[in-house]
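Please read them with the structure open beside the text.

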Amino acid sequence: MDFQMFMNDVVQTARKEMVESGYKELTKPEEVDEVLSNPGTTFVMINSVCGCAGGIARPSAAYIKNFDVKADNYVTVFAGQDKEATEQARSYFKGYQPSSPSFALVKDGEIQTMVERHEIEGHEPIEVVQKLEKAFEQYFK
């Protein structure tokens with residue numbers, strides 16, 4: 001099998017999972033600014049093709065979409081794929097190093113907190129979900 005073809009399938013599957021979970025894909029820097037610079041709360045999932053994204057982060061993102069405390073916007077950027085959009089999103093995450101997969105909670109254009117890769121990789125999905133629930137209650141309630 002052709003590696004590039006395989007990777008395209010992996011990327012498309014990862015994108016589809018997020019869209020089917022109710023997230024809006026941001027693929028251009030202007031789209032990122034349009035959402036993150038506006039008033040309100042935004043939950044950003046920084047997607048990737050690694051195993052912890054598929055086995056832990058994307059399922060956690062799908063779960064949190066149905067949590068009692070809601071964000072105004074649920075969006076995703078794809079690290080390594082939509083590079084300019086991801087870079088633009090990361091410009092809002094002051095004080096945090098680039099990390100994928102990861103989650104960012106943004107309120108009125110300002111980063112509130114992040115759940116970074118080291119808090120996802122090697123953890124059980126329920127641990128990540130609980131961390132996200134706690135963050136939603138603290139920053140979005």
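1. Helices here are DSSP runs of H or I with at least four residues, numbered from the N terminus. The model is a predicted one. Helix α4 covers residues 83-90, and Arg90 lies in it.

2. Arg90 has a relative accessible area of 26%, so it counts as partly exposed, since buried would require under 20% and exposed over 50%. Leaving aside residues up to four places away in sequence, Arg90 touches Ile46, Ala79, Pro98, Ser99 and Ser100.

3. Helix α5 runs over residues 125-139, which is 15 residues. From first C-alpha to last, α5 reaches 21 Å, close to the 21 Å expected at 1.5 Å a residue.

4. Which residues of α5 are buried? They are Val128, Val129, Leu132, Glu133, Ala135 and Phe136. Seen down the axis of α5, the buried residues fall within an arc of 165 degrees, so they line one face of the helix. Ile126, Lys134 and Gln138, on the other side of α5, are exposed.

5. What do the buried residues of α5 pack against? Their partners are the strands β2 (41-47), β3 (73-78), β4 (102-107) and β5 (110-115), together with helix α3 (51-64).

6. Next, the aromatic rings. The structure holds eight aromatic pairs. One of them is formed by Tyr23 and Phe43 and is tilted, with 6.3 Å from centre to centre and 55 degrees between the planes. This pair links distant parts of the chain: Tyr23 is in the loop between α1 (3-20) and β1 (24-25), while Phe43 is in strand β2, 20 residues apart. Both Tyr23 and Phe43 are buried.

7. Phe67 and Phe136 form an edge-to-face pair, 6.4 Å centre to centre with 85 degrees between the planes. This pair also links distant parts of the chain, as Phe67 is in the loop between α3 and β3 and Phe136 is in helix α5, 69 residues apart. Phe67 counts as buried because its relative accessibility is 10%, and Phe136 is buried with a relative accessible area of 0%.

8. Tyr23, Phe43, Phe67 and Phe136 are among the members of one aromatic cluster, which also includes Tyr74, Phe103 and Phe140. The charged end of Lys65 sits over the ring of Tyr74, 4.6 Å from the ring centre.

Terms used:
Residues are numbered from 1 along each chain as its sequence is written. This is a predicted model: local features need pLDDT of at least 70, side-chain atom pairs count only at pLDDT 80 or more; totals for chains, interfaces and linings use all residues. Side-chain values use heavy atoms; hydrogens and water are left out. Helices (H or I, at least four residues) and strands (E, at least two) are DSSP runs, numbered from the N terminus. Buried means under 20% relative accessible area, exposed over 50%, partly exposed in between (1.4 Å probe, protein chains only). Contact means heavy atoms within 4.5 Å. The expected span of a helix is 1.5 Å times one less than its number of residues. The arc is that of the directions from the helix axis to the C-beta atoms. Rings of Phe, Tyr and Trp (its six-membered ring) pair if their centres lie within 6.5 Å; planes under 30 degrees apart count as stacked, over 60 as edge-to-face and the rest as tilted. A charge sits over a ring if NZ of Lys or CZ of Arg is within 6 Å of the ring centre and within 35 degrees of the ring normal.
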